[in-house]
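Welcome! Open the model in your viewer, and we will take a walk through it one selection at a time.

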Amino acid sequence: MNTIADFIPPILVAQGAFWLMVVLTLAGAVLAVIPSKIVHNVLGLALAMFGVTGIYLYLGSQFVAMMQLLIYVGAICVTYIFAIMLSPPLELDLPKPSLLKAATALIVSVIAFIAMIQMILNARWAPLAAPSRDWTTKTLGQELLTRYFLVFELISLLLAVAIIGAILIAGLGRERE
Amino acid sequence: MESLSSYLVLGALMFCIGIFGLLQQSSLIGMLIATELILNGAAMNFMAFNMFLTPDPTVGQIFTLLIMGVAAAEAAIALSIIIAVYRRFKEIRVDGVSELKG
């Protein structure tokens, strides 16, 4: 019986999946930035977050990958869509972004990218002799509730304060005469 | 591809695309979306360093979770501020929101 693994070696499939996710991430990032329609930007952001989820899975961390999918694609992008749909700003016609502004932004970001690439290529990382691959959800949960308990509490407090603040700010804004 | 540098380069690319969008967009929501890209580029670096260099197996993942929580809180607060600003100024372009004349 021939399976697909007889024709394509698994390592090639893994590499193909990795590069597919990289391409999805970068295409989504470009799509999130370039178009001037806000809905297209949000869809691009969702695509980029989906690609990052795949890369986290490739790195071996299932829990963080699922959280990425749930929080970014499921919560943040949907919140953006809600904010756009529930308020009129979508109908406002945005002016075309000025060419000078775009050129300046391009120059600044390219310079930042070149500087970062220089740093990455010149750094001497000392690789671990035996890197720990204990990335299971169980270990993560145990550490999160024992050693890094403060982080857990901090996230909870931050989210609670942010929700209350968001309701207050959006609810109490007064219309100007 | 099983190397630290490829993940770092990907993170740097996302970060720089985010900076480009932050400087180039003229609407507040577009700038917020670019900020999410910047945060994700940083989180990608944490995951890569945790995978390849850290003896502790979880610290980078927990920092990434913290970044996600901060991003969610930031999105909620910033969107409500944008809605409040829109109600007041009828405007979501950055240039249009100003009261001082001069």
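Predicted model: local features only at pLDDT ≥ 70, side-chain atom pairs only at ≥ 80, totals over all residues.

**First stop: one alanine**

**Second stop: the core**

Now widen the view around that alanine. A:Ala48 is among the residues with the most contacts inside the largest nonpolar core, along with A:Leu45, B:Met14, B:Ile17, B:Met44 and B:Met47. This core has 62 residues. To see who contributes, colour helix 2 (10–33), helix 3 (38–59), helix 4 (62–86) and helix 7 (149–172) of chain A, then helix 1 (4–24), helix 2 and helix 3 of chain B: each supplies at least two residues of the core. Domain 1 (1–91) and domain 2 (136–177) of chain A both give residues to this core, so the core lies between them.

Of the 177 residues in chain A, 22% are buried. Among contacts in chain A with a separation of 6 or more, 48% join residues 24 or more positions apart.

**Fourth stop: where the chains meet**

Bring chain B back and select the contact between the chains, which takes 71 residues from chain A and 57 residues from chain B. On the chain B side, helix 1, helix 2 and helix 3 each supply at least two residues. Which of them gives the most? Helix 3 of chain B does, with 22 residues. Coloured by class, the side of chain B that touches chain A shows 41 nonpolar, twelve polar and four charged residues.

**Last stop: a helix pair in chain B**

Finally, select helix 2 (residues 28–52) and helix 3 (residues 59–89) of chain B. Their axes come within 9 Å and cross at roughly 175°, which means that helix 2 of chain B is roughly antiparallel to helix 3 of chain B. Zoom in on the residues that meet: those from helix 2 of chain B include B:Leu32, B:Leu39, B:Phe46 and B:Met47, and those from helix 3 of chain B include B:Phe63, B:Ile67, B:Ala71 and B:Ile82. By class, this helix contact has 16 nonpolar, four polar and one charged residues.

Notes. Residues numbered from 1 in each chain as written. Chains lettered and ligands numbered in written order. Axes fitted to C-alpha atoms, helices over the stretch in contact; angles between N-to-C directions. Helix = DSSP H or I, 4+ residues; strand = E, 2+ residues; numbered from the N terminus. Parallel < 35°, antiparallel > 145°, perpendicular 65-115°, else oblique. Contact = placed C-beta atoms within 7 Å. Nonpolar A, V, L, I, M, F, W, Y, C, P; charged D, E, K, R; others polar. Core = buried A, V, L, I, M, F, W, Y, C linked by C-beta atoms within 7 Å. Buried ≥ 20, exposed ≤ 12 C-beta atoms within 10 Å, placed from the backbone. Domains from an automatic or database assignment.
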